[in-house]
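Here is a quick tour for someone meeting this structure for the first time. Take a look at the sequence and the model, then read on.

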Amino acid sequence: MLLQPRFPFFLHGGDYNPDQWLHVPGTVDEDFRLFPLAGVNSLSVGIFSWAALEPEEGRYEFGWLDDVMDRAAARGMAVVLATPSGAKPAWMAEKYPEVRRMTGDGVHEPAREQQCRRHNHCPTSPVYRAKVRAVNEALASRYGRHPALAFWHVSNEYNGECRCPLCLAAFRDWLRARYGSLEALNEAWWTGFWAHAYSDWSQIACIDDSVDGLVLDWKRFVTHQTADFLRAEAEPLRRLAPGVPVTTNLMGFYEGLDYMRLARELDVVSWDNYPQYHERPGETERLAAMTGLAHDYMRSLKPGRPFLMMESSPGPVNWYHHNRLLRPGQHRLKSLQAVAHGADSVQYFQIRKGRGGSEKFHAAVIDHEGSENTRMFREVAQVGRDLEALRPVLGSVVRPRVALVFDRESDWSQKAAQGPLESIKTGYADTVAAHYRPFWKRGVAVDVVDGDSPLDGYSLVVAPDLFLLRDGFASRVEAFVRGGGTFVATWLTGIVGPTGLCFRGGFPGPLRKVLGVWAEETDYLYDDERNSVEFAAGNRLGVSGSFGTSLVCDVVHAEGAETVATYGRDFYAGTPALTANRFGKGEAWYLATRGDEALLDAFHGALARRLALPRALDAELPEGVSAHLREGEDGARHVFLLNFASAPRAVDLGPAPRRDLLAAGASVSGAVTLPPFGAMVLEDA
Ligand code: GAL
């Protein structure tokens, strides 16, 4: 499925800011000389250009943008045209203070921010919304039918929140619509606690962190209000330029917004990917899997279609503590990794490096030096050639049979609660990634879902640390398992309902029946403490031996479930650590403790075998190598083999000959060696 049929190629390009260079004649000429040399076919323009587009209220300057759009069109390039709301101009902040955000800690009165930095408007302010609508209408009427226009890039990396009186009033309206009455709200938030009962809506005037239900609803509201702002931003674009897909650049595991919800407002998902691939020796495989999960999460926001990698860096960024150089080949590998997971673009921040401002040391395609003779430029040009060679892959999709539950509301509610263990709360993405790695290592594709997603079509659904259960989730799990699906839940699952109230009647709450267990108590180990998990002889998983575990140990009663492994130590030694419950035609597993990497690997590896989950390549993958399959509507299959290790790795491709698209279609079969950071993209011969 092509995201933009008028531009049937992988977008290769990125953030381009000619408006920062208007005082340096000849820069744009030089850039357009360099673009084809770098294989750049796409420009993301206007992202922070409000002051250049509207230097004074109501006076627009489009000359510089006309020039870029026309030059791009003349060369068949695709422009990703941004709306400028990610940074407001000084004249606006000065004349209309309400457009500036108010921030607060939930205890002290919120304060109005000064005009500074970016990404800090009030999403509720009618003035800001009117100004955004006006500039967006001007952009859409002028460029809506321009031949270079490929996508709308709405704002930039929506994030943060505003606690001004307008936003709090909107929050109260949202609460009124959600709960109907104050009685219902008081009940949902358990406000009998510490005399918090509200007797008038106006009393809900601060984000009080001792009322966890309030905090959870506030976070939902922030997503709601951001989505509402996004919809308002996109309205003139959709009205005046119908058919041009709208996207905004998301940020992977960013916690402040529920992306599953926000993505409903988008035509196309795009995101900004900044893994630090050189961080520490030995960490590469872990980081590669984490990055893979982030790609899969973003792709899953619009299942069954490609996405765009709107930003990545061709070299070191300027904002990690250490910004080491990418080793030769790593830029190419990281770019191909995005494509392997379903991206139909490799885009950068940034194309030309600025001379000033806080990002002047951030890598760019065109360095301060200015020519095509840099290592980074050559590596970018190589990616450009690779993407040309990969054209048969464009528009194809990833079709996983495994779904991993990553639920932002559950994460919020766990964080909003005080206790039970702080170190777990900060590591939700790491917990989910620990369950992802065994599949990643085996070339088994994974989708990411949340507690509202349909589960049909999957063979296996894994829900690690699913603290909050949304309404209807447990009955969907029951239907899924009854119909033959396999479901895995873990420790600290099914603790609270949608407003953060703890379930009565025993954990894991409404999942107790399908899982066939009752988790009566939970032991939180010291960071350096360990327990062990001992597999029962002859268990149905075929795993044997003893494995380590740490941090969380639920003390569980099997209520119909079979005990597959037990704890090795402490007063609960011999009680269930892993159970399996037959339910209808399927099975529901409960892993009561966190489990070391080896345990998760053995467990999920055994499930993958039992369920005969399809793998991208029918081969053992050596450490550091991942394999991914993209499937076309026409039945075409492309297998990506990526070597994240800094040493060569051998893989057995089997006897059937295939073509390697990255090696001019050379025929390959049998044992092959991937060089350090090397890659292959295999097509059936
Ligand atoms: C992104 C942002 C860009 C740029 C980049 C630097 O998060 O969207 O504008 O700041 O980071 O890595």
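In the classes used here, Ala, Val, Leu, Ile, Met, Phe, Trp, Tyr, Cys and Pro count as nonpolar, Asp, Glu, Lys and Arg as charged, and the others, Gly among them, as polar. With that sorting, the lining of the largest pocket comes out as 18 nonpolar, 12 polar and 14 charged residues. Keep in mind that this is a predicted model, where local features need pLDDT of at least 70 and side-chain atom pairs count only at pLDDT 80 or more, while totals for chains, interfaces and linings use all residues. Residues are numbered from 1 along each chain as its sequence is written, and side-chain values use heavy atoms, with hydrogens and water left out.

**The ligand**

- Polar contacts are pairs of N or O atoms within 3.5 Å, and an oxygen atom of the ligand is 2.6 Å from an N or O atom in the side chain of E157.
- For the side chain of E311, the distance from an N or O atom to a ligand oxygen is 2.8 Å, and for the side chain of R118 it is 2.9 Å.
- On its own the ligand has 310 Å² of accessible area (Shrake-Rupley method, 1.4 Å probe), and the protein covers 93% of that.

**The largest pocket**

- Rolling a probe the size of a water molecule over the atoms shows where empty space is left.
- The search runs on a 1 Å grid over the protein atoms alone: a cavity is a set of points where a 1.4 Å probe fits but cannot get out, and a pocket is an open set with protein on both sides within 12 Å along at least five of seven lines; lining residues have an atom within 4 Å of a point.
- The largest pocket is where the ligand sits, meaning that more than half of its atoms lie within 2 Å of the grid points.
- This pocket contains about 1,100 Å³ of space, a volume being the space filled by probe spheres set on the points, with points joined across faces, edges and corners.
- There are 44 lining residues, and the closest to the centre of the pocket are F253, L287, M290, T291 and D430.
- α15 gives the most to this lining, with 6 residues; helices (H or I, at least four residues) and strands (E, at least two) are DSSP runs, numbered from the N terminus.

**Cavities**

- Across the whole structure, the search turns up 6 cavities of 30 Å³ or more.
- About 180 Å³ of space lies in the largest cavity, and of its 23 lining residues, R101, P123, N159, G160 and T226 are the closest to its centre.
- The biggest contributor to that lining is α8, with 6 residues.
- By class, the lining of the largest cavity has 9 nonpolar, 11 polar and 3 charged residues.

- F349 and Q350 are joined by a cis peptide bond, with omega about 15 degrees, and Q350 is in the loop between β11 (345–348) and α12 (375–389).
- Another cis peptide bond joins G419 and P420, with omega about 0 degrees.

Terms used
Polar contact = N/O pair within 3.5 Å; in protein donor to acceptor, adjacent residues only side chain to side chain.
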